[in-house]
Protein chains: 2
Amino acid sequence: MTARRRGRRPAGEDTRAVLLDAALSEFTDRGYEGATVRAIAGRAGVDAAMVNHWFGSKDGLFVAAMEIPVNPDELIPRLLDGDPARLGERVVRTFLTVWDANDGGTFTALIRSVSSHESAARMLREFVARIVLGRIVAAVAPDSPELRAALCGTQVAGLGMVRYVLRLEPLASADHDTVVAAIAPTLQRYLTGPLS
Amino acid sequence: MTARRRGRRPAGEDTRAVLLDAALSEFTDRGYEGATVRAIAGRAGVDAAMVNHWFGSKDGLFVAAMEIPVNPDELIPRLLDGDPARLGERVVRTFLTVWDANDGGTFTALIRSVSSHESAARMLREFVARIVLGRIVAAVAPDSPELRAALCGTQVAGLGMVRYVLRLEPLASADHDTVVAAIAPTLQRYLTGPLS
């Protein structure tokens, strides 16, 4: 391992920080798909095994670098475990729980970033489409998986915009059950229902 | 009329520009509700009648100052004119037509502004909630008008996010009929259907 040590910082934390910097640069330059674990480790001057050690996978590194507070490797199996007819409800509830945790601050920062930087939009687009929504839809929908994933994206992103960015009442402070009751049927139709 | 003249600019255009500057300052300082036509005209040093002359109303001045490419005074009566059971379809189609016009550039600029400035978020929140969606919902929904307006906001804002900001396919370049078929039923339920 060749990570540089600075001051009294422990070597492990240093490796992690150097990897995050390198990942952000690599994802920005090449997009989510184009970036490789090998290239990121190369930029950071550490062994590629360190990515697995600290982040589990390229996905884990991506969510850490983008400061997204969920790891799809843990999240998706949990969402898919249960009645497919109630998947929409679990998606809405998970989204609310994750983003409510810091009062929507992370969501707002993400929106600010993607609306200001095409590179951030490109990374998030690929990540959301192929990794998060793509995997969920692939597990339940027989037809139009890409359209279904994008439609789910509209409802989830829009809920975040209204609740955390615009802070429009009564949705800004509605309890989870109220939001789920109103919005879960939309997600469920986008996931498994008729689209036309 | 006391508008200043600068160079060869015609006096009328000058009045309009001075009013737009004054409106943006007043809306930023006091929010949509708190701002008054009289105070804006006062800031601009012109007679309040000039607001009606150039913008028709406070709403018209707001949409011009925020560079929103629709005037609710013209838009809303047109949306409400027709079968209430197909209002969701008309809302989606209008949104697509307006924002597609410059390839979503105005929508993206608006999102960038509201995610970066609390004052912009506050103005847009009041405007969207009370003026645009508020009026539409009030005309068709017997119950929960504020929740319905906010829910409509989630789907419309989310469609814009995915189509124009993230540019996620296939929604980024889907034709209007495809988008309307998939999304209009959601708007229709939020407008007039059961919410739980």
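Predicted model: local features only at pLDDT ≥ 70, side-chain atom pairs only at ≥ 80, totals over all residues.

Student: What makes A:Asp103 count as exposed?

Tutor: A:Asp103 has 11 C-beta neighbours inside 10 Å, and the limit is 12 or fewer, so A:Asp103 counts as exposed. You'll find A:Asp103 in the loop between α6 (87-100) and α7 (105-116) of chain A. Its backbone is worth a look too: phi is positive, about 60°, although A:Asp103 is not a glycine.

Student: Where is B:Arg167, and why is it called partly exposed?

Tutor: B:Arg167 sits in the loop between α9 and α10 of chain B. B:Arg167 has 18 C-beta neighbours inside 10 Å, which falls between the two cut-offs, so the label is partly exposed.

Student: What else is there in the loop between α9 and α10 of chain B?

Tutor: B:Pro170 lies in that loop. The peptide bond leading from B:Glu169 to B:Pro170 is cis, with omega near 5°. In chain A, the bond from A:Glu169 to A:Pro170 is cis as well, again with omega near 5°, and A:Pro170 lies in the loop between α9 (145-165) and α10 (176-192) of chain A. As a rule, most peptide bonds are trans.

Student: How do you know that A:Met123 is buried?

Tutor: Count again: A:Met123 has 25 other C-beta atoms within 10 Å, and buried takes 20 or more, so A:Met123 is buried. A:Met123 belongs to helix α8 (residues 118-140) of chain A. Leaving out residues up to four places away in sequence, A:Met123 touches A:Phe27, A:Gly31, A:Tyr32 and A:Met66. Across chain A, buried residues make up 44% of the 196 residues.

Student: Which residues touch the most other members of the largest nonpolar core?

Tutor: That core has 128 residues, and A:Leu19, A:Ile40, B:Leu19 and B:Ile40 touch the most other members. Take B:Ile40: not counting residues up to four places away in sequence, its contacts include B:Leu19, B:Ala22, B:Val51 and B:Leu61. In soluble globular proteins, nonpolar side chains tend to be buried together.

Student: How do you know that the size of chain A agrees with a compact globule?

Tutor: For 196 residues, a compact globule would have a radius of gyration near 16 Å, and chain A has 18 Å, which agrees. Along its principal axes, the C-alpha trace of chain A spans about 55 × 35 × 30 Å. Chain A has ten helices and zero strands.

Student: How is chain A divided into domains?

Tutor: Domain 1 covers 11-65 and domain 2 covers 72-192. Their C-alpha centres lie 25 Å apart. Ten residues of domain 1 of chain A are in contact with eight residues of domain 2 of chain A. On the domain 1 side, α1(A) gives the largest share, five residues. By class, that side has three nonpolar, five polar and two charged residues.

Student: What makes the two copies related as by a two-fold rotation axis?

Tutor: A rotation of 180° with 0.0 Å of shift along its axis superposes chain B on chain A, with an RMSD of 0.0 Å. The two copies are therefore related as by a two-fold rotation axis. Within chain B, B:Gly158 comes closest to that axis, with its C-alpha at 1.8 Å. The same surface serves both copies, since 100% of the contact residues of chain B recur in chain A.

Student: How many residues does each chain bring to the contact?

Tutor: There are 35 residues from chain B and 35 residues from chain A. On the side of chain B that touches chain A, α7 (105-116), α8 (118-140), α9 (145-165) and α10 (176-192) each supply at least two residues. The largest share, 13 residues, comes from α9(B). By class, that side of chain B has 21 nonpolar, nine polar and five charged residues.

Technical notes:
Residues numbered from 1 in each chain as written. Chains lettered and ligands numbered in written order. Contact = placed C-beta atoms within 7 Å. Helix = DSSP H or I, 4+ residues; strand = E, 2+ residues; numbered from the N terminus. Nonpolar A, V, L, I, M, F, W, Y, C, P; charged D, E, K, R; others polar. Core = buried A, V, L, I, M, F, W, Y, C linked by C-beta atoms within 7 Å. Rg over C-alpha atoms; globule rule 2.2 N^0.38 Å. Least-squares fit on C-alpha atoms with pLDDT ≥ 70 in both. Domains from an automatic or database assignment.
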